[in-house]
Amino acid sequence: MRARRAGDRIKLDDAHHHDLKKVFQDGSVPTWWRHQIPLLCAATEQGEEILAVGQLVRSPQAVNRGLTLVWEAPVFHP
């Protein structure tokens, strides 16, 4: 597990890689909160693959392995 880095991408069901920025936008995650969401990663021959972005999305690899990232965000009170 790790925090987000600039340029991170995840491979989703359509077999394309998606920028995490777009994943967060689609999930309506505020920009100030995005660095708090954990990423579940796995080492690969090419380096590293993101398997899950918080509870927003999972890669096909994570789904096939039955992996789910369960994360409860702290309550924010403005």
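# Salt bridges, sheet and cores in a predicted model

User: Which residues are linked in a network of salt bridges?

Analyst: This structure is a predicted model, and the values below are computed from it. A search of the whole structure finds 5 salt bridges. Some of them join up into a network, whose members are R2, R5, D8 and E48.

User: How far apart are the closest N and O atoms of R2 and D8?

Analyst: R2 is found in the segment before β1, the strand that covers 9-11. D8 is buried, with a relative accessible area of 11%, and R2 also counts as buried, at 13% relative accessibility. These two residues form a salt bridge, in which the closest N and O atoms are 3.0 Å apart.

User: How many residues apart in sequence are the parts that the pair of E48 and R2 ties together?

Analyst: The side chains of E48 and R2 meet in a salt bridge, with a distance of 2.8 Å from N to O. Because E48 lies in strand β4 while R2 lies in the segment before β1, the pair ties together parts of the chain whose separation in sequence is 46 residues.

User: Is E48 buried, partly exposed or exposed?

Analyst: Buried means under 20% relative accessible area and exposed means over 50%, with partly exposed in between. The relative accessible area of E48 is 41%, so this residue is classed as partly exposed.

User: In which helix do D26 and K22 lie?

Analyst: D26 forms a salt bridge with K22, and the closest N and O atoms of this pair are 2.9 Å apart. D26 is exposed, with a relative accessible area of 54%, whereas K22 is partly exposed, with 42%. The two residues are 4 residues apart, about one turn of the helix, and both lie in α1.

User: Which residue in β4 is the bridge partner of L39?

Analyst: Individual residues show how the strands line up. A42 stands opposite E49 in β4, and A52 stands opposite R58 in β5. For L39, the bridge partner in β4 is V53.

User: Which residue takes a positive phi in the hairpin of β4 and β5?

Analyst: The hairpin of β4 and β5 has 3 residues between the strands. A positive phi near 50° is found there, and the residue that takes it is G54.

User: Why is β4 described as largely enclosed by the rest of the structure?

Analyst: The term buried applies to residues under 20% relative accessible area. In β4, this holds for 5 of the 7 residues, so the strand is largely enclosed because most of what it contains is buried, the count being 5 of 7.

User: Which element supplies the largest share of the largest nonpolar core?

Analyst: The largest nonpolar core has 12 residues in all, among them I10, L20, V23, F24, W33 and I50. At least two residues of this core come from each of α1 (20-26), β3 (39-44) and β4 (47-53). The largest share is 3 residues, and the element that supplies it is α1.

User: Are the rings of W32 and W33 stacked, tilted or edge-to-face?

Analyst: The structure holds 1 aromatic pair. Its rings belong to W32 and W33, whose centres are 5.8 Å apart and whose planes stand at 70°. Since planes over 60 degrees apart count as edge-to-face, the pair of W32 and W33 is edge-to-face.

User: Is W71 buried, partly exposed or exposed?

Analyst: W71 has its place in the segment after α2, the helix that covers 60-65. Leaving aside its neighbours within four places in sequence, W71 is in contact with W33, Q36, I37, P38 and Q55. At 24% relative accessibility, W71 counts as partly exposed.

How values were computed. Residues numbered from 1 in each chain as written. Predicted model: local features only at pLDDT ≥ 70, side-chain atom pairs only at ≥ 80, totals over all residues. Heavy atoms only, no water. Core = buried A, V, L, I, M, F, W, Y, C linked by side-chain atoms within 4.5 Å. Buried < 20%, exposed > 50% of the residue type's maximum accessible area, 1.4 Å probe, protein only. Pairing = 2+ DSSP bridges. Phe/Tyr/Trp six-rings, centres within 6.5 Å; stacked < 30°, edge-to-face > 60°. Contact = heavy atoms within 4.5 Å. Salt bridge = Lys/Arg side-chain N within 4 Å of Asp/Glu carboxyl O.
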